[in-house]
Amino acid sequence: MTSVSQGTLFTNGTVWTGRTTTHALAVSAGRVVATGADALDLASGWTVEDLEGGLALPAFRDGHAHPLSGGRERNGLDLADVASIDAVLAAVADWLAAHPGNGWVRGSNFSLALFGPEGPEARVLDRVTGDRPVALFSDDHHTCWVNSAALAAAGLDADAPDPALGAVRRYGDGTPTGALFEWGALALIEAMLPDVGLDEHLAGLATGQRALARNGIVWALDAAVGPEEVAAYEAAARAGALTCRFDLATRLEPGRWRTRVPTLVAERDRFAADPELAPWVTTNTVKFFADGVIEGRTGYLLEPYHDHVHDCGLPNWDAAELAEAATAFDAAGFEIHVHAIGDGGIRMALDAIEHAITRNGVRPRRPVIAHTQLVDPGDRPRFARLGVIANFEPLWACLDPGMVELTIPRLGPERSMLQYPIESIRRTGARISFGSDWPVTSISPLRGLAVAVTRQTPAGEPVDGWIPDERVAIADALAAYTSGVAVQAGDHDAGRLEPGERADVCVLEADITALSGREIADVAVRSTWVGGNDVYRRASSGSVS
């Protein structure tokens, strides 16, 4: 074996390489150089990382998240985990008292499950806001709850038409209720909010990075960025402030994408050629929203909603234009990443990708359909046939309050049983990757793994799991969070702990491959290593977000 002068030896626990388990791992110069007995022989006298009976595994990777905007939201009026409407109102009132003035107030991450099927109302928010315009974005980021002052400022009244690619919920007389849906409507509010400066973006990225590192994540797709966010990532990379690698997916909108092809090509190539940027940030992906979300009745369905029999939801693109745009960016060498929730949205996304392949011919490509919630059985084999990666957020595949109170009533009992077919699509031979969509839900891969293998809530319900045939074996679930996302990223030397692979390591306090499913969620991350360097060490109790 070739002599290596120095490095780190991980021992006194279990090492899961991504294919098998062993008892030691040697890393040097940012790479894995040996495992098992070979590692012990090679690494005599090296720095020892004591696993203390825990598990070293390939570090986690998040195939769909929003690290910068999620961190920015955590730094502001964050309503995540606020458990009642009254508590939301109290939090807003406290924020207004602490931040006096008459300017717009933005809040994030309130739960739509707190409301009935018609959603939030301005008159309720008015109780604590008075004449100051307030906009609160839901935890799925497809709904905005505004007060009466915000409606007036945005010119939304009974006579104002719904914007293109958006919806305004209304009372019987046409008056807006205060619930706005999807990009077209939300953009009316975003245009009224104060601009976010570079310092605020950088602070959000710092907060997001800390959450990633605490949870053992070393690579993430930021799944919807604009020029300001790209500038913040570039500034952080040039300052040497990044502890996680990122690919940035630029969000594209119907009617506005054609002139962006050459600009985004130039940006991608500039990042790839810059030695300060290329190791940490790429801009290889473009993001399309095929539809909305089922809980807001904006997910695009092949058949009408169970609770709204004349409504199939809201496709965000004309199918022909989506196919044209996907083909143009595929031809320019970008990876295609499509948010698709409803079975209609997923079929439209598959059709667009198939059109791109037919027009542009065979080449190495890694198209992704993200979320993959409601998949028509006839479309499931198309993922493998077209080489489409199915990205799932496994934490969603359980009977949580949003599923029980909003989604299942929208779909009805029969279609509800077709949701999140992780194991069915995996068995077709398709590539699977996992993500969090943070801050929509927890960034913790361990929580996601617990649901993937059990399909249960944290309370253990139902006993056999929801749609138990879609439970995933722990090795397959771990692969989806590690090597599966590495395939999505195009990282051919990462995602496993084998000689020559990048030394991205996560150390857990326990061997999760030996635990029953729900216990996985309670295991803490001890340390996170990027290229053989530790970027996080747990001080005392674990922390997830």
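Two strands are said to pair if DSSP finds at least two bridges between them. Helices (H or I, at least four residues) and strands (E, at least two) are DSSP runs, numbered from the N terminus. The structure is a predicted model, in which local features need pLDDT of at least 70 and side-chain atom pairs count only at pLDDT 80 or more, while totals for chains, interfaces and linings use all residues. Residues are numbered from 1 along each chain as its sequence is written, and side-chain values use heavy atoms, with hydrogens and water left out.

**The parallel sheet**

Begin by selecting residues 335-340, which form strand 16, together with residues 368-371, which form strand 17; the two run parallel and are joined by 4 bridges. Within this pair, V338 has I369 of strand 17 as its bridge partner.

Now show the side chains of strand 18 (residues 389-392). I389 and N391 point one way, A390 and F392 point the other way, and all are buried; buried means under 20% relative accessible area, exposed over 50%, and partly exposed in between (1.4 Å probe, protein chains only). In a regular strand the side chains alternate between the two faces of the sheet.

Move to helix 2, residues 67-74, where 7 of the 8 residues are buried. Among them are L68 and R72.

Then select E229, in helix 8 (residues 227-238). Which residues does E229 contact, leaving aside its neighbours within four places in sequence? They are L68, R72 and H201, where contact means heavy atoms within 4.5 Å. E229 is buried yet has no salt bridge, and R72, the nearest side chain of opposite charge, is 4.1 Å away. A salt bridge is a side-chain nitrogen of Lys or Arg within 4 Å of a carboxyl oxygen of Asp or Glu; Lys and Arg count as positive and Asp and Glu as negative, while His and the chain ends are not counted. A polar atom of the E229 side chain lies 3.0 Å from the backbone nitrogen of G226.

**Salt bridges**

By this rule the count comes to 36 salt bridges. Select R19 and E498, whose closest N and O atoms are 2.7 Å apart in a salt bridge. This pair links distant parts of the chain, 479 residues apart: R19 is in the loop between strand 1 (8-16) and strand 2 (21-28), and E498 is in the loop between helix 17 (483-489) and strand 20 (505-508). R19 is exposed, with a relative accessible area of 57%.

Continue to D330 and R365, whose side chains meet in a salt bridge (2.8 Å, N to O). D330 is in helix 10 (residues 319-331) and R365 is in the loop between helix 11 (343-360) and strand 17, 35 residues apart. Are D330 and R365 buried or exposed? Both are buried.

A further pair, R426 and E423, lies in helix 14 (residues 422-427), 3 residues apart, about one turn of the helix. The closest N and O atoms of their salt bridge are 2.9 Å apart. R426 is partly exposed, with a relative accessible area of 29%, whereas E423 is buried at 9%.

**The mixed sheet and a hairpin**

Turn to the open sheet of 6 strands, ordered 7-8-9-10-12-11 with mixed pairing. Strand 7 (77-78) and strand 11 (167-170) each have a single partner strand, so one side of each is left without a neighbour in the sheet. Strand 7 runs parallel to strand 8 (residues 105-110), joined by 2 bridges, and L77 stands opposite G107.

End at strand 21 (residues 525-530) and strand 22 (residues 533-537), which run antiparallel over 4 bridges. They form a hairpin with 2 residues between them, and G531 in the turn has a positive phi of about 55°.

Definitions and conventions
Polar contact = N/O pair within 3.5 Å; in protein donor to acceptor, adjacent residues only side chain to side chain.
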